[in-house]
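Welcome, and please open your viewer. We will go from stop to stop, selecting a few residues each time and looking at what is there.

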Amino acid sequence: MKKPPTLPELDHLTSDAPALRRSLYNRLTYSIGKDIINATARDWFFSAAAVLRERMIERWMETMRSYYMQDRKRVYYLSMEFLMGRTMMNGMLNLGCEKEFREALTAMGLDIENIREMEHDAGLGNGGLGRLAACFLDSMATMGVPGYGYGIRFEYGMFNQRIVDGQQVERPDNWLRYGNPWEFPRPELLFPVKFHGRVVDYFNERGEKSHQWVDTDDVMAMAYDYPIPGYGTATVNNMRLWAAKSSHDFDLKSFNQGDYMRAVEDKNDSENLSKVLYPDDSTEVGRELRLKQQYFFVSATLQDLLDRYAKSGEPLDGLPDRVAVQLNDTHPSIAVAELMRILVDKHHMDWWRAWGITTRVFSYTNHTLMPEALETWPMSLFERLLPRPLQIICEINFYFMKDVMRQYPGDPGLWQRMSLIDESHGKRIRMAHLAIVGSHAVNGVAEIHTRLMKETIFADFHRYWPDKIVNMTNGVTPRRWLNQANPALAKLITAQIGDGWLKDLDQLRRLTPLAGDTAFREAFERVKHDNKVRLAQMIADRVGVTVNPDSLFDVQIKRIHEYKRQLLNVLHVITLYNRIRAGADATPRTVIFGGKAAPGYYMAKLVIRLINDVAAIVNNDPLVRGLLKVVFIPNYDVSSAEIIIPAADLSEQISTAGTEASGTGNMKLALNGALTIGTLDGANVEICNEVGAENIFIFGLTADEVAALRAEGYNPWLHYDGNEELKQSLTMIRDGYFSPEDTNRFKPVFDSLTSHGDHYLLLADYKSYVACQEKVGALYRDPSAWMQKAILNVAGMGQFSSDRTIAQYAKTIWNVVPISRPVASDKP
């Protein structure tokens with residue numbers, strides 16, 4: 001590598017409180033352009049962000065420089081989503097200057113809590129997929145793994161959810177309204193991305209048939225960089241996001257002729273690409289935009305990484321030794337075809353040389369077991385939008401199917417199942433199959449998920465490549481989900497076992513004997529109660545409902561989907577409601593829901609309305625005597641989670657066994673001392689193993705029992721007719737008890753669980769679930785026993801650190817060696 005020139009020294013910025021005060025005042029004056037007299041809380045937030053960012057930059061530059069100088073293999077993590085949450089407090093904690101910032105701001109008469117509320121959650125993700133990606137970036141930086149996150153800089157994130165008359169209403173999430181103080185625009189980093197056009201075949205100078213993609217509509221991808229600081233290290237990695245820019249100038253002629261719409265038409269069409277995360281795909285236009293988004297960020301990323309690799313001067317055959325590309329779900333899987341296109345068409349490689357490079361570069365993470373959730377695209381859409389990548393995919397499939405037919409002759413059923421092209425319902429490209437065929441490793445995200453991948457949806461591929469599918473159980477970063485979200489508990493833990501757990505979560509095992517210590521249990525209980533008081537205030541502010549912090553906080557916070565079975569939770573709420581109205585005693589309970597439904601997902605939105613309509617009845621019925629409250633917290637996001645999760649007593653992880661890939665909410669909640677009630681699904685299985693079966697509430701059918709029940713023929717009416725409480729609850733839903741102004745409103749819910757087959761087996765698991773909830777209520781009446789189990793849950797969560805997951809990826813899949821970069825003190 002070329003040695004950089006000798007440079008003058010940068011101003012060294014220290015992080016003691018007096019230095020931070022000076023920097024804050026300087027940034028307010030010289031960067032924000034405000035006087036201290038009329039500065040607003042938002043002005044101070046942007047000043048504080050600028051001060052913090054300055055202290056990241058030196059480490060960031062040194063980190064990037066060290067990667068170049070040491071010529072290390074790098075990881076490129078491609079994800080459609082990065083659910084980052086707020087950056088300011090996380091950055092302060094990771095850089096080790098949160099205490100000094102508080103002191104500096106307090107000395108200036110400012111409240112850091114007011115200032116942090118000025119930061120908008122970054123609208124770059126929706127649910128667990130995006131949050132997992134964010135945790136992985138944190139862990140890569142903390143562990144010194146040379147890693148880059150790549151995605152899209154969405155102008156509008158997942159919609160802002162409001163609840164109006166009980167219904168979800170979507171509003172634009174304009175998270176960039178006031179700008180993003182953490183990003184660095186890179187207008188010099190522009191890459192063209194092609195769409196439409198046609199493919200011209202020709203023979204090159206060596207007489208070989210070649211292809212040129214011409215007459216295309218090009219969109220420019222412009223880079224925005226976002227520093228990712230590690231905890232307790234000098235490493236600051238990079239997340240690079242792409243924004244779509246027009247390849248044509250503003251049409252001044254049309255503007256001068258008064259045709260203002262035409263003057264900006266091309267610009268608007270191009271820049272729509274990065275406008276909105278997950279546009280509604282219920283229309284042809286929406287589906288096309290989604291596919292364009294996926295190809296847009298993948299093409300720009302591959303051009304960028306190849307441009308970076310070219311600076312090494314090494315031949316492209318060495319690319320797999322210097323680059324590992326991880327595909328987070330199927331959204332970026334078109335990268336397989338795009339890298340082949342670049343190598344074959346631009347670098348004029350022969351097919352098999354390019355294919356050898358491609359398959360050694362990529363690895364793919366699968367996040368679903370449901371065949372209907374595996375992404376496919378109509379071939380006709382590909383043909384119109386991406387004609388050359390389609391040709392590449394067809395050629396990959398041609399060679400792959402030749403090998404499959406050679407190895408398994410006379411089995412056309414298997415050929416059809418393994419083909420990259422599904423021809424059963426019109427020709428569609430199977431993106432998961434493309435990712436599997438084009439990757440050297442494929443991983444599941446929990447032990448049961450990986451086993452079921454091998455046995456069900458990808459059984460044929462596992463038979464063909466017995467060693468390709470491996471397990472990498474998900475994890476979460478303890479820096480955000482305990483140290484930042486629950487500082488009182490973090491302080492209590494550190495006082496007992498030191499702060500080593502922040503980078504080695506297995507050290508939480510040292511809390512196990514403290515579960516029997518009365519003083520520690522009482523301190524733990526005080527922390528939990530204070531967190532519940534804080535959440536109760538948030539509920540009062542956002543929902544207008546008063547809840548009792550001494551009640552059992554029963555929490556289900558996740559994307560609204562039928563397989564996640566929020567509806568099963570509602571059936572239990574109605575059962576409890578009926579019992580209380582009949583005079584039964586009950587453990588006081590507050591049932592808390594949060595999550596968004598996809599705008600076009602009718603049933604999920606109806607479930608949200610049912611939750612709110614049930615809440616309206618339950619919360620205002622005097623016969624309930626305050627023993628039961630139901631709340632739906634609108635616009636669930638990372639910042640909301642940081643308040644809800646530390647306050648939870650019970651964690652609802654109740655998906656149908658065999659449907660949830662892993663889950664990470666289960667890990668975050670248990671890490672903060674919530675007991676889990678769940679099926680043996682996803683990572684629940686491993687949580688049960690780690691915390692002990694006696695410290696978790698498991699119910700319901702197993703994945704094998706689910707498969708057997710479906711195979712023999714499942715009849716939900718048998719459960720309806722055979723359980724009076726279930727029948728009463730469902731009848732109340734059907735007959736409009738919770739919607740007296742529209743008695744037919746929830747009949748589709750009733751029908752989905754009865755005459756339409758109850759696909760996710762809610763009725764089959766209802767009896768077991770209600771019985772398990774009775775055990776929950778009984779245990780909560782013994783606070784000492786409950787807290788003992790809560791502490792043991794925290795102690796058992798060491799296995800679920802994203803640091804452990806990243807270490808496994810680095811060793812098993814990426815073959816990347818971390819770089820240790822200890823942080824030098826910057827405080828006098």
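How many disulfides does the count come to? The count is 0 disulfides, where a disulfide is a pair of cysteine sulfur atoms within 2.5 Å. Before we go on, note that this is a predicted model, in which local features need pLDDT of at least 70 and side-chain atom pairs count only at pLDDT 80 or more, while totals for chains, interfaces and linings use all residues. Residues are numbered from 1 along each chain as its sequence is written, and side-chain values use heavy atoms, with hydrogens and water left out.

**Stop 1**

Select C772. C772 is buried, with a relative accessible area of 6%. Here buried means under 20% relative accessible area, exposed means over 50%, and partly exposed lies in between (1.4 Å probe, protein chains only). Now try C394, which is partly exposed at 29%.

**Stop 2: helices α1 and α2**

Next, select residues 17–32 for helix α1 and 41–70 for helix α2. Helices are DSSP runs (H or I, at least four residues), strands are runs of E of at least two, and both are numbered from the N terminus. The axes of α1 and α2 come within 8 Å and cross at roughly 115°. Axes are lines fitted to C-alpha atoms, for helices over the stretch in contact, and angles run from 0 to 180 degrees between N-to-C directions. Which residues of α1 meet α2? They are A19, L20, S23, L24, R27, L28 and I32, and their partners in α2 include W44, F46 and V51. Contact means heavy atoms within 4.5 Å. By class, this contact of α1 with α2 has 10 nonpolar, 2 polar and 4 charged residues. Ala, Val, Leu, Ile, Met, Phe, Trp, Tyr, Cys and Pro count as nonpolar, Asp, Glu, Lys and Arg as charged, and the others, Gly among them, as polar.

**Stop 3: after α2**

Move on to D71, in the loop between α2 and β1 (74–78). Its phi is near 55°, a positive value in a residue other than glycine. Most residues other than glycine have a negative phi. D71 counts as partly exposed, at 24% relative accessibility.

**Stop 4: helix α3**

Select residues 88–95, helix α3. Because 8 of its 8 residues are buried, α3 is largely enclosed by the rest of the structure. To see what covers these buried residues, show elements including α2, α4 (98–107), α6 (128–143) and β8 (217–229). Just after α3, G96 takes a positive phi of about 75°.

**Stop 5: helices α22 and α29**

Now show α22 (residues 566–581) and α29 (residues 724–735), whose axes are 9 Å apart at an angle of about 105°. That makes α22 roughly perpendicular to α29, a term for angles of 65 to 115 degrees. Among the residues of α22 that meet α29 are L571, I574 and Y577, and those in α29 include L726, L730 and M732.

**Stop 6: two loops**

Where is Y636? Look in the loop between β19 (628–633) and α24 (638–647). The C-alpha atoms of Y636 and G595 are separated by 5.3 Å, although these residues are 41 residues apart along the chain. Finish at L761, in the loop between α30 (747–753) and α31 (762–780). L761 has a positive phi near 60° and counts as buried, at 1% relative accessibility.

Key
Angles under 35 degrees count as roughly parallel, over 145 as roughly antiparallel, 65 to 115 as roughly perpendicular and the rest as oblique.
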